[in-house]
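Welcome, and thanks for taking a look.

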Amino acid sequence: MNKVLPIMMAMALTAPLSLSAMQIASANLTSANITSDAPKTNSDATVVVGSATKPKFTAHSAKEMSKADDAAADAANSANVLLKKRLHGLQQYQAAFKQTVTDAQGNIVHEAQGTLTMMRPNKLRWETTFPDETLLIADGEAVWNIDTFVEQVTIISQDQAIKDNPIVLLTANDDETWDSFVISKLDDAKASSTLEQYQIVPKSTDGQIKSLTLGFNSDGILSTLDMLDAQDQTSALVFSKQDLDFAIDTAKDNLFSVDVPQSYIIDDQR
């Protein structure tokens with residue numbers, strides 16, 4: 001998430017013209033040829049011209065269209081399986097990050113640095129050290145946004161915070177959640193780097209995030225995260241010092257729990 005909202009909150013597919021629609025269009029064109037006021041010196045010729053403009057649909061062409069649909073479905077399923085495999089290796093993940101937020105014109109509107117810690121399922125800790133110290137914790141049920149500068153904590157339901165947000169796939173395991181998104185593996189022509197990249201697009205258009213692109217290095221470790229929001233702002237994160245095997249003692253470290261000081265104002269929106 002950008003400064004306005006940290007990371008948790010922060011294929012347009014064009015269907016081919018249907019067979020029936022093309023047949024109607026063809027029939028209208030043929031009718032126009034037959035009823036035209038232009039001189040008809042040869043009625044047979046007119047019929048030939050009209051019939052020549054009709055697209056021919058055969059069992060073979062229908063089969064080819066079916067093969068294309070099947071290939072697209074196979075590609076989507078393959079991307080889904082591959083990304084699940086990559087993220088399955090992130091049972092726990094901790095890394096330093098640098099974040100750059102740009103607007104639709106490419107202007108930088110915010111920069112930040114900090115640490116991201118995740119643990120599957122559904123736990124996340126986002127902590128910035130620059131330009132301000134902020135802390136956001138998702139404990140599996142609620143998201144706690146702690147602003148130490150104004151001494152305030154905002155609490156919202158985690159389900160609501162990440163609804164239709166592809167960021168949820170970083171820590172979610174269930175098929176129902178995964179089925180809410182379209183996943184594609186970017187080929188070399190579309191990828192913006194040498195990383196193995198996957199684009200995640202919500203099936204619903206009601207959310208605040210249009211797409212999420214994850215980049216994995218040659219060791220299969222998450223290295224970049226680019227998120228495009230509904231205002232066409234892009235939040236680009238570059239990770240370093242990734243650690244997949246750090247010790248977690250939640251009882252001692254309180255990585256994913258919150259102890260709110262009594263002096264803080266609590267805005268509970270759950």
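## Tyr-93 and its neighbours

Leaving aside residues up to four places away in sequence, Tyr-93 touches Leu-116, Thr-117, Met-118, Ile-221, Leu-222, Phe-239, Gln-242, Asp-243, Leu-244 and Phe-246; a contact means heavy atoms within 4.5 Å. Tyr-93 counts as buried because its relative accessibility is 0%. On this scale, buried means under 20% relative accessible area, exposed over 50% and partly exposed in between, with a 1.4 Å probe and protein chains only.

## How to read the model

This is a predicted model, in which local features need pLDDT of at least 70 and side-chain atom pairs count only at pLDDT 80 or more, while totals for chains, interfaces and linings use all residues. Residues are numbered from 1 along each chain as its sequence is written, and side-chain values use heavy atoms, with hydrogens and water left out.

The average pLDDT (the predictor's confidence in each residue, from 0 to 100) is 77 for the protein, and 68% of the residues score at least 70. Over residues 1-52 it stays under 50. Where pLDDT is low, the predicted coordinates should not be read in detail.

## Overall make-up

The protein has six helices and 12 strands; these are DSSP runs numbered from the N terminus, helices being H or I of at least four residues and strands E of at least two. Of its 270 residues, 35% count as buried.

## Nonpolar cores

A nonpolar core here is a set of buried Ala, Val, Leu, Ile, Met, Phe, Trp, Tyr and Cys residues joined through side-chain atoms within 4.5 Å. The largest one has 37 residues, and those touching the most other members are Leu-83, Leu-87, Tyr-93, Leu-214, Leu-225 and Phe-239. Strand S9 (residues 209-216) gives this core its largest share, four residues. A second, separate core has eight residues, including Ala-142, Trp-144, Val-153 and Tyr-264.

Val-150 sits in the loop between strand S5 (142-147) and strand S6 (152-157). Its C-alpha atom is 8.2 Å from that of Tyr-264, although the two residues are 114 apart along the chain. With a relative accessible area of 45%, Val-150 is partly exposed.

## Aromatic pairs

Rings of Phe, Tyr and Trp (its six-membered ring) pair if their centres lie within 6.5 Å; planes under 30 degrees apart count as stacked, over 60 as edge-to-face and the rest as tilted. By this rule there are three aromatic pairs. In one of them, the rings of Tyr-93 and Phe-239 have centres 5.8 Å apart and planes at 85 degrees, so the pair is edge-to-face. This pair links distant parts of the chain, with Tyr-93 in strand S1 (residues 92-102) and Phe-239 in strand S11, 146 residues apart. Phe-239 is buried, at 5% relative accessibility.

Tyr-198 and Phe-216 also form an edge-to-face pair, at 6.0 Å centre to centre and 80 degrees between the planes.

## Backbone details

Most residues other than glycine have a negative phi, and most peptide bonds are trans. Here, the peptide bonds from Arg-120 to Pro-121 and from Phe-130 to Pro-131 are cis, with omega near 0 degrees. Pro-121 lies in the loop between strand S2 (108-119) and strand S3 (123-130).

Asn-122, found in the loop between S2 and S3, has a positive phi near 70 degrees.
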